[in-house]
Amino acid sequence: MKSSTLPNAIVLACALALSACSSQDSATPAAPASTAAAAPADTGGSLKGDFGPPQGEPVHAILTSPPQVPPPTNRKAPAKVIVDLEVRELDLEIAEGVTYTFWTFGGTVPGSFIRVRQGDTVEFHLHNHPESKMPHNIDLHGVTGPGGGAASSFTAPGHSSQFTFKALNQGVFVYHCATAPVGMHVANGMYGLILVEPPEGMPKVDKEYYVMQGDFYTTTKYREKGFAPFDMQKAIDENPTYVLFNGAETALTGDRAITASVGQSVRLYVGNGGPNLVSSFHLIGEIFDKVWYEGGTRFQENVQTTLIPSGGAMIADFHLEVHGSYLMVDHSIFRAFNKGALGILKVDGPEDKAIYSGKEIDSAYLGDKAASMASVQTAAKSSAAGTLSKEEQINAGKTLFAGTCSVCHQESGAGLPGVFPPLAKSDYLATSSNDEVIKLVLNGLTGVVKVNGQEYNSVMPPMSQLNDDEIANILTYVKNSWDNGGGQVTAAEVTAVRSGTPRAEGAAH
Ligand SMILES: [Cu+2]
């Protein structure tokens, strides 16, 4: 990750000759944000951001849906900026085959990205769609004034409200609904980001993306198909069912992954809506050249993992040297692999073996995200329609096996001698009932087992995070592969075994 050395040079110059960097007239733009800024004493506090009354014709803010970021304002003077944001309550997919009633700013979770310039006067219009069932409002952390706009923006269904504020402080700020019960409105996805650019704009990069983490609480289990209602008690207990980037498990994976090319510089604006969890944000295989931690004016350099508090945000810049897939995760890592906090940055371009040898690590980390999920979707649809065929199960099972079971038993089913027993032509498998094999997948297996004359004394971890359809499809695939003699396992069989297995509280997925 090579970063431009120019800003460092400026910081250094400022440190050596502080007076030269802090002699700005408060009516002119303050020292650039990217240079770690002048000391508060010379700036008049947040009034440094008051560059006088708006100039020129009012402009309408360009709002973008995640993961897109509006273009730089490219303005050199304060303007009057009109923001129109509409609240919609929508049933959207939170995970494959799972719907949830989200309350949204602009129809998406997180809400539309708003971009203004420090010193702008923002005329904010909040509209609440007539089909909404709830009143809503907005508290923007970038607003100077009681409630951040909340008190002035309480809006009943089918109504609009308006308030105006001057964006005095630069930085990237969270906005959220603050209507009671506040926690529930936030838990349902009512948050987003507003960027208040420094007067000179942000340093130029090739790509900018918008990502926001949130935790979600449902009465149903993780990935349990169908409609997932909100669970107030789990929210109070801070025990989320899902932890997600951009409001859905699939928001930043597969063909919805964000993209860039080798040689490009990328900036992520990352917020955390909460309502409860603090994020340990990490991009596997990259090092952030700069992190404007907490969304503020100063940056830290060469960062691996950065904390984003609930109701906070940060900006991260990095440069791409090596092609491949990079996973963004909450490094509280069970959230990534068992609650959905995982997104992908796909980087195309030539290899650079001097920097990275090129051995593919993707599937080990990606698990079921690595393979195309098309066959799994087909099977899920058929299963819901009651028309699931054995062929569809096998196809879906093959995809799910890759990156789940194949990590140990290998893609070929051959296992690893002395460590992982083979599934190919396994006599253990052939002589076990469906129920026995299902139980083994759900609960794991330890102790001595004999497979094809070889003894193994190792540990297979419980795979209970897989849902009933997934286990049925994987086992049907295994039974019909590598001369294993065929057979079929149904989701109903898995359901029966799972419900008949006593589990520790919270152990079931
Ligand atoms: Cu609300």
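Helices here are DSSP runs of H or I with at least four residues, numbered from the N terminus. Axes are lines fitted to C-alpha atoms over the stretch in contact, and angles run from 0 to 180 degrees between N-to-C directions. The model is predicted: local features need pLDDT of at least 70, side-chain atom pairs count only at pLDDT 80 or more, and totals for chains, interfaces and linings use all residues. Residues are numbered from 1 along each chain as its sequence is written, and side-chain values use heavy atoms, without hydrogens and water.

**Helix packing**

| Pair | Angle | Axis distance |
|---|---|---|
| Helix 7 (residues 374–385) and helix 8 (residues 390–401) | about 135 degrees | 8 Å |
| Helix 8 and helix 12 (residues 468–479) | roughly 95 degrees | within 7 Å |

The angle of about 135 degrees makes helix 7 oblique to helix 8. Helix 8 is roughly perpendicular to helix 12. Angles under 35 degrees count as roughly parallel, over 145 as roughly antiparallel, 65 to 115 as roughly perpendicular and the rest as oblique.

Contact means heavy atoms within 4.5 Å. In helix 7, Ser375, Val376, Thr378, Ala379 and Ser382 meet Glu392, Asn395, Ala396, Thr399 and Leu400 of helix 8. Residues of helix 8 that meet helix 12 include Ile394, Ala396, Leu400 and Phe401.

**Copper site**

His136 (ND1), Cys177 (SG), His185 (ND1) and Met190 (SD) coordinate the copper ion at 2.0 to 2.4 Å. Donors are N, O and S atoms within 2.8 Å of the metal (3.2 Å for Na, K and Ca). Their spacing in sequence is H-x40-C-x7-H-x4-M.

Note on methods: Helix = DSSP H or I, 4+ residues; strand = E, 2+ residues; numbered from the N terminus.
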